[in-house]
Amino acid sequence: MLRKLLKHEFRATGRTMLPLYLILLVTAVGANLSTRKLLESGEGLVSLLGGLLIMAFAIAMAAVCIMSVVVMVQRFYKSLLQDEGYVMMTLPVSVHQHVWAKLITSAVWFALTILAVILSCCIMAYEQGAVKWFFRGLADLFHEITTYYAINSAALVLEFLLACFVGCCVMCLEFYAALAVGHSRPNHKMAFSVGAFFVMQFALEFLMGVIGNLLDWTGVMDVFRGFTVNLSGMTTLHVAMLGLTAVSVLVGAVYYGVTVWFLKHKLNLE
């Protein structure tokens, strides 16, 4: 059933995200034309058109990044917390599957957004011969990394991708938890959702500060610093990446628990 939910989610969100990616790539082509032709012409109207095309590219890139978050949060809100929620909650699907379908869809679109932004920047900066030079540089870099670091380089890439995936899920879960808390109220649901978001942000920062001070006061941080001093630079990077991912997983687990509990026991669709 999770597969069917994912298919439904990708169809619903793709109607918005795919046209945005297309607009971004088209404006990237226009910005490339502007930097190579229009701005160099020296004519007033032509230079103005070139400037507008570059501005359109910058706006499109910012819009894609912002909308990738807005669409994912809006999808959770519309499908589970508004009128559609009456239908979705009657399906033979658990709340966990609903939340995971949203999380996986969001993470995939975030990854595609990053790729689209990178591709559009490459198109915007493209010059004749630049692609060949770029891929030759990537091949040389990959050769150097694999020569000196071998398995460590592949492990770091996997750890970085895992950290990015977990970070995207945690960001979504923070919005999901705030919306689930706010929509447990009978009135002014969005106002309570915004308030819950800021309360959770404050609580997280306060808790992290308290834990950090407690670890420092008990001497645990001194032991950890002494431990990392004896490690190599690559090992320190592995420890830092895995530690960051572990902290993100713990924070995400709290947001996930809050989201599921409120959706199960306190959801108010009236």
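## A tour of the rings and the core

Across the whole of this predicted model, a search turns up eight aromatic pairs. Start by selecting Phe-197 and Phe-198. Their ring centres lie 5.7 Å apart and their planes meet at 85 degrees, so this pair is edge-to-face.

Next, select Phe-10, Tyr-21 and Trp-109, which together make one aromatic cluster.

Now pick Arg-185 and Phe-192. Arg-185 sits over the face of the Phe-192 ring, 5.1 Å from the ring centre.

Move on to the largest nonpolar core, a set of 48 residues. Val-99 and Leu-263 have the most contacts inside this core. To see where the core residues come from, colour helices H1 (2-38), H2 (44-81), H4 (95-124), H6 (151-182), H7 (189-218) and H9 (233-265); each gives two or more residues. H6 gives the most, with eleven residues.

Centre the view on Leu-263 and hide its neighbours within four places in sequence. Which residues is Leu-263 then in contact with? The contacts are Phe-76, Leu-80, Leu-81, Met-89, Val-95, Val-99 and Ala-180.

Finish at Ser-248, which lies in helix H9. Is Ser-248 buried or exposed? Its relative accessible area is 19%, and the cut-off for buried is under 20%, so Ser-248 is buried. Beyond its neighbours within four places in sequence, Ser-248 is in contact with Val-166 and Val-170.

Terms used
Residues numbered from 1 in each chain as written. Predicted model: local features only at pLDDT ≥ 70, side-chain atom pairs only at ≥ 80, totals over all residues. Heavy atoms only, no water. Core = buried A, V, L, I, M, F, W, Y, C linked by side-chain atoms within 4.5 Å. Buried < 20%, exposed > 50% of the residue type's maximum accessible area, 1.4 Å probe, protein only. Helix = DSSP H or I, 4+ residues; strand = E, 2+ residues; numbered from the N terminus. Contact = heavy atoms within 4.5 Å. Phe/Tyr/Trp six-rings, centres within 6.5 Å; stacked < 30°, edge-to-face > 60°. Lys NZ or Arg CZ within 6 Å of the ring centre and 35° of its normal.
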